[in-house]
Amino acid sequence: MPDVRNCRRCGKIYSYIGGVPLCNECKRQDEEDFKRVKEYLYDHPKATIYEVSNELDISVQRIKNYLKQGRLEIIGDEGNLILECELCGKSIKTGRFCEECTNSLSRDIKSTVDEIKKPIYDNSGRKLHGGMRYLHKGDK
Ligand SMILES: [Zn+2]
Ligand SMILES: [Zn+2]
């Protein structure tokens, strides 16, 4: 069964194949716009997000998405107030999290993995190999 979804942008139904939740048409448009942003920044280095948005008629939100995807980076001031870490709210230049949060996030992920890897023992000290066990409710 194909994974059929509504395009996040235009609402059209399409079969989802992973990645950005957009239909082919919008994905193509998105790439096209990204190329224009890239070219604009090439000609106008240090242009602000608002300038790019006005000049190219692409919403600030969409440009922010490119930043969050790590495809663009803000240069200059630390306190740009354009893009914020989704965890602590600190100004960042690219991606979704600041460096500190990225570090603590990967630590968290690691400790979760360690947690999962830890062997589980049942009441009598026997090692259980993950998963579930069937409870024999009727047994004596
Ligand atoms: Zn679409
Ligand atoms: Zn942060």
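These are my notebook entries on what I looked up in the predicted model above.

**Ground rules**

I number residues from 1 along each chain as its sequence is written, and chains are lettered from A and ligands numbered from 1 in the order in which they are written. Because the model is predicted, local features need pLDDT of at least 70 and side-chain atom pairs count only at pLDDT 80 or more, while totals for chains, interfaces and linings use all residues.

**Entry 1: the overall layout**

Helices here are DSSP runs of H or I with at least four residues, strands are runs of E with at least two, and both are numbered from the N terminus. Along the sequence the pattern reads β-β-α-α-α-α-β-β.

Next I checked burial, and buried residues come to 6% of the 140 residues. A residue is buried if 20 or more other C-beta atoms lie within 10 Å of its own, exposed if 12 or fewer, and partly exposed in between, with C-beta atoms placed from the backbone.

I also looked at contacts, meaning two residues whose C-beta atoms, placed from the backbone, lie within 7 Å. Of the contacts in the protein with a separation of 6 or more, 16% join residues 24 or more positions apart.

**Entry 2: α1 against α2**

How do α1 and α2 pack? I found helix α1 (residues 24-43) and helix α2 (residues 49-56) at an angle of about 120°, with axes 11 Å apart. Axes are lines fitted to C-alpha atoms, for helices over the stretch in contact, and angles run from 0 to 180 degrees between N-to-C directions. The two helices are therefore oblique to each other. I noted the cut-offs: under 35 degrees is roughly parallel, over 145 roughly antiparallel, 65 to 115 roughly perpendicular, and the rest oblique.

On the α1 side, the contact is made by Arg36, Val37 and Tyr40, and on the α2 side by Val52, Glu55 and Leu56. I sorted these residues into four nonpolar, no polar and two charged. In this sorting Ala, Val, Leu, Ile, Met, Phe, Trp, Tyr, Cys and Pro count as nonpolar, Asp, Glu, Lys and Arg as charged, and the others, Gly among them, as polar.

**Entry 3: the core**

Which residues make up the largest nonpolar core? I listed five: Val37, Val52, Ile63, Tyr66 and Leu72. Such a core is a set of buried Ala, Val, Leu, Ile, Met, Phe, Trp, Tyr and Cys residues joined through C-beta atoms within 7 Å. I remembered that in soluble globular proteins, nonpolar side chains tend to be buried together.

I then picked Ile63 and set aside its neighbours within four places in sequence; Ile63 is in contact with Val37, Ile49, Val52, Ser53 and Ile58.

**Entry 4: Val60**

I found Val60 in helix α3 (residues 60-68). Val60 is partly exposed because it has 14 C-beta neighbours inside 10 Å. Leaving out neighbours within four places in sequence, Val60 is in contact with Ile49, Tyr50 and Ser53. For Val60 and Tyr50, 10 residues apart in sequence, I read a C-alpha to C-alpha distance of 6.5 Å.

**Entry 5: two loops with positive phi**

Lys46 has phi near 75° and sits in the loop between α1 and α2. Asp57, also not a glycine, has phi of about 60° and lies in the loop between α2 and α3.

Are they buried or exposed? Lys46 is exposed, with 9 C-beta neighbours inside 10 Å, and Asp57 is exposed, with 9 other C-beta atoms within 10 Å.

**Entry 6: Gly70**

Gly70 is in the loop between α3 and α4 (99-117). Gly70 counts as exposed because 11 other C-beta atoms lie within 10 Å. Not counting residues up to four places away in sequence, Gly70 touches Thr94 and Gly95. I noted that Gly70 and Gly95 are 25 residues apart along the chain, while their C-alpha atoms are separated by 4.5 Å.
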